[in-house]
Amino acid sequence: MQTQILKITGMTCGGCTIKIMRALKSMPGVGGIDLSLTSENATVLYDHKLTSVDQLKSAIKRAGYGVSTYSAMQKPRLQSSCCS
């Protein structure tokens, strides 16, 4: 299994997240999805033998949303819940 973080544009409400979740879950090989409306990120766990990043992006586009991948320099920072 591989993990891909996708930047999704055009989401405005919980209904949008449900629509995107359904689109991704319908893809073969998708094992898990963590989707955040506020950060506009989807972290997708998938089997690269059954689907590809391009196919995941196509599913999101067919659902009516914009999508891109992060380059290594653009990876979103994970917020710490603790001050250090």
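The protein exposes about 5500 Å², and carbon and sulfur atoms supply 52% of that area; accessible areas come from the Shrake-Rupley method with a 1.4 Å probe, and for residues only the protein chains shown count as cover. This is a predicted model, in which local features need pLDDT of at least 70 and side-chain atom pairs count only at pLDDT 80 or more, while totals for chains, interfaces and linings use all residues. Residues are numbered from 1 along each chain as its sequence is written, and side-chain values use heavy atoms, with hydrogens and water left out.

**Overall make-up**

- The protein has two helices and four strands; helices (H or I, at least four residues) and strands (E, at least two) are DSSP runs, numbered from the N terminus.
- Read from the N terminus, the order of elements is β-α-β-β-α-β.
- Of the 84 residues, 33% count as buried, meaning under 20% relative accessible area with a 1.4 Å probe, protein chains only.
- Among contacts (heavy atoms within 4.5 Å) with a separation of 6 or more, 63% come from residues 24 or more positions apart.

**The sheet**

- The four strands form an open sheet in the order β2-β3-β1-β4, with antiparallel pairing; two strands pair if DSSP finds at least two bridges between them.
- The edge strands, β2 and β4 (66-69), each pair on one side only.
- On average, neighbouring strands of this sheet are turned by 25 degrees against each other, direction ignored.

**Pairing around β3**

- Strand β2 (residues 30-36) runs antiparallel to β3 (residues 41-46), and six bridges join them.
- Along this pairing, Val30 has Tyr46 as its bridge partner, Gly32 stands opposite Leu45, and Ser36 stands opposite Asn41.
- β2 and β3 form a hairpin with four residues between them, and Glu40 in the turn has a positive phi of about 60 degrees.
- Strand β1 (residues 2-9) is also antiparallel to β3 and joined to it by six bridges.
- In this second pairing, Thr3 stands opposite Leu45 of β3.

**The helices**

- Helix α1 (residues 14-25) lies across β1, β2 and β3 and runs at about 165 degrees to β2; axes are lines fitted to C-alpha atoms, for helices over the stretch in contact, and angles run from 0 to 180 degrees between N-to-C directions.
- Helix α2 (residues 53-62) packs on the sheet and touches β1, β2, β3 and β4, with its direction making about 160 degrees with that of β4.

Terms used. Buried < 20%, exposed > 50% of the residue type's maximum accessible area, 1.4 Å probe, protein only.
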